[in-house]
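Here is a short report on selected packing details.

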Amino acid sequence: MIGSLLIANRGEIACRIIRTARRLGIRTVAVYSDADAKALHVREADEAVHIGPSPPSESYLVGDRIIAAAQASGADAIHPGYGFLSENAAFAQAVIDARLIWVGPNPASIAAMGMKDAAKRLMADAGVPVTPGYLGDDQDPDRLKAEADAIGYPVLIKAVAGGGGKGMRRVDKAADFAEALRSCRREAQSAFGDDRVLIEKYVLSPRHIEVQLFGDSHGNIVHLFERDCSLQRRHQKVIEEAPARGMDPATREAICAAAVRAARAVAYVGAGTVEFIADASQGLRADRIWFMEMNTRLQVEHPVTEEITGVDLVEWQLRVASGEALPRKQEELAINGHAIEARLYAEDPANNFLPSTGKLEIFSLKAEDGDRVEQAVAQDDAVSPFYDPMIAKLICHAADRDEAINRLRALCASVETWPVKTNAGFLARLLNEDFRRGSADTGYIAQHIERLAAKPPLQKLGELAGMLAAPWLDLVPPALRGVRLNGPHQTRMALTVDGQTDSANLDMEGVPNEHAAHGRRLSDGRILVQQEGETYVLALADTRAAQGSAASDGVIRSPMPGRVTVVNVEKGALVAKGQKLVAVEAMKMEHGLTAPFDGVVAELATAEGQQVAEGALLLRIEPRGG
């Protein structure tokens, strides 16, 4: 068995690997960038080595520094986690050449599956059904558009070297293809250093089904059944479950057998996942499920497979990398119950899911016995703008699907954070009756985004306002509180909720002590209220802070810290309402900013490549003739 393990990653997956390694008696070494010097994974490891500045391109993506850190710390092996260098065949080979153990597939398998176009050709040859599309080497934009036109819209543009929902664009009509291609290529180049793409037919009633695989160096390959990852936003998985709802034994056997054939085609060793797209318009059928790609690494959603099989996949990775055979045979694996996972992100769903960064002054949740929470951060840690915004995974396992849904919804609703915003309330709303009935596919979130992302009104506002009243209420004699002629003692109180003016009728009896469990008083007198995963800030109306310039004023500011990747206008240019003006990249995603009205660019305060802070002025639009 490996004696000392360096984890070439960060966040929750680094912490997850550390837990299993510690249980097995393996010493752990963390690596960290400037931004992660005090991170949770650094604190939990036995040793930590600094590898460079905050940007991933100068730290976590620099293979030479990671190998040097392993050698300097005396590590025997390197575990890449997921993301970063986990599917980089050249890095895997460099680790092996440095006489270190690579905890992952052999480099040839990674290379074979790393490029989606070549992987599809290989799978077709192995008898695995593949999605119709264009996989050619000709990357001329005109050729790509011609192929998309021939396939028929909608189509999906996908980065050849992509993963994690990055470098993917759905295109519904020919007129949108050129801009979508440019945006996709920019994002792919930034995330993977490779802007090549392929084109696929977009399935209109799609479900995303994937099969967990495991192979060893003795020629054994098993599957650990399927997962359903259909609830996605912008091709990024949000909710995952195992097993897939509506999966009959015959279809399960067919899809799992196809996945095993895919693994055998590349002599696969280690943990891997074969992803399929299913046309679910007639339910799950083996003849309407097609190969999409193979991820040659551990998946973010691997805990749901662990929960239904009782297997520790990280332990299997470490044992297989040490030369051992798989701990179980196929006939020894079975499905037990149902498991669901939600990805908790530091983002603001009500504000177009923009990333939210800063110090987590409050971070808590109410996990019941058996609930599984895998955190990337703890209270008082900082959420950095440099990395993926996932701060935790929430996993619930139960005897049946309904109970797993109930438990996960309650867990999401219990999340409390401040001042960093999260998608906890959004997740709780996703676990609704549509999801329970099984009517949600990969397009569900996009179709219902306004309802799902909208922050609901704060309930019981009059009661909660009592905490605001408490400091001055004690100064008023009880007999004079809320005195009204010909009516009960009652006061109408002017206040703000999240900066918006409101008012509430305040029942004056027993106010100060009833509501301690409903909110927290901040140092400036405001009240923080948590409700169904959402955070609300209450304040007296006359203490409301002045609001900054709104986009409707023509002032366009950066909604988060990031790098300006696109500037489409010049000073003095005429613009139309809705026209894309600039794009800012943060946390590996590109966010476009558009003109709020028809006008002219009166001021341009940024340029492509510039790093900007949250709230930084980018440009200013004036009405035409104004």
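The notes below take these topics in turn. The model is predicted.

**Two packed helices**

Helix 7 spans residues 141-151, and helix 8 spans residues 177-192. Their axes lie 11 Å apart. The angle at which they pack is about 120 degrees. An angle from 65 to 115 degrees would count as roughly perpendicular, and one over 145 as roughly antiparallel. Helix 7 and helix 8 are therefore oblique to each other. The crossing of helix 7 past helix 8 is right-handed.

Which residues in helix 7 and helix 8 meet? Helix 7 brings Pro141, Leu144, Lys145 and Ala148. Helix 8 brings Phe177, Leu181 and Arg185. By class, five residues of this contact are nonpolar and two are charged. No polar residue takes part.

**Aromatic pairs**

How many aromatic pairs does a search of the whole structure find? The search finds six. A pair of aromatic rings is described by the distance of the centres and the angle of the planes. Two of the pairs are set out here.

| Pair | Centre to centre | Angle between planes | Geometry |
|---|---|---|---|
| Tyr60 and Tyr387 | 5.6 Å | 85 degrees | edge-to-face |
| Phe91 and Trp102 | 5.7 Å | 85 degrees | edge-to-face |

The pair of Tyr60 and Tyr387 links distant parts of the chain, 327 residues apart. Tyr60 sits in the loop between strand 3 (47-52) and helix 3 (63-73). Tyr387 sits in the loop between strand 21 (382-383) and strand 22 (390-398). Both Tyr60 and Tyr387 are buried. Ring pairs also tie Tyr60 and Tyr387 into a cluster with Phe84 and Phe386.

**Arg16**

Arg16 lies in helix 1 (residues 11-23). Is Arg16 buried or exposed? Its relative accessibility is 3%. Buried means under 20%, so Arg16 counts as buried.

Which residues is Arg16 in contact with, leaving aside neighbours within four places in sequence? Its contacts are His302, Glu306, Asp312, Leu313, Val314, Arg372 and Glu374. Gln447 is 431 residues from Arg16 in sequence. In space, Arg16 and Gln447 are 34 Å apart, C-alpha to C-alpha.

Notes
Residues numbered from 1 in each chain as written. Predicted model: local features only at pLDDT ≥ 70, side-chain atom pairs only at ≥ 80, totals over all residues. Heavy atoms only, no water. Axes fitted to C-alpha atoms, helices over the stretch in contact; angles between N-to-C directions. Helix = DSSP H or I, 4+ residues; strand = E, 2+ residues; numbered from the N terminus. Parallel < 35°, antiparallel > 145°, perpendicular 65-115°, else oblique. Left-handed = near helix turned anticlockwise from the far one by under 90°. Contact = heavy atoms within 4.5 Å. Nonpolar A, V, L, I, M, F, W, Y, C, P; charged D, E, K, R; others polar. Phe/Tyr/Trp six-rings, centres within 6.5 Å; stacked < 30°, edge-to-face > 60°. Buried < 20%, exposed > 50% of the residue type's maximum accessible area, 1.4 Å probe, protein only.
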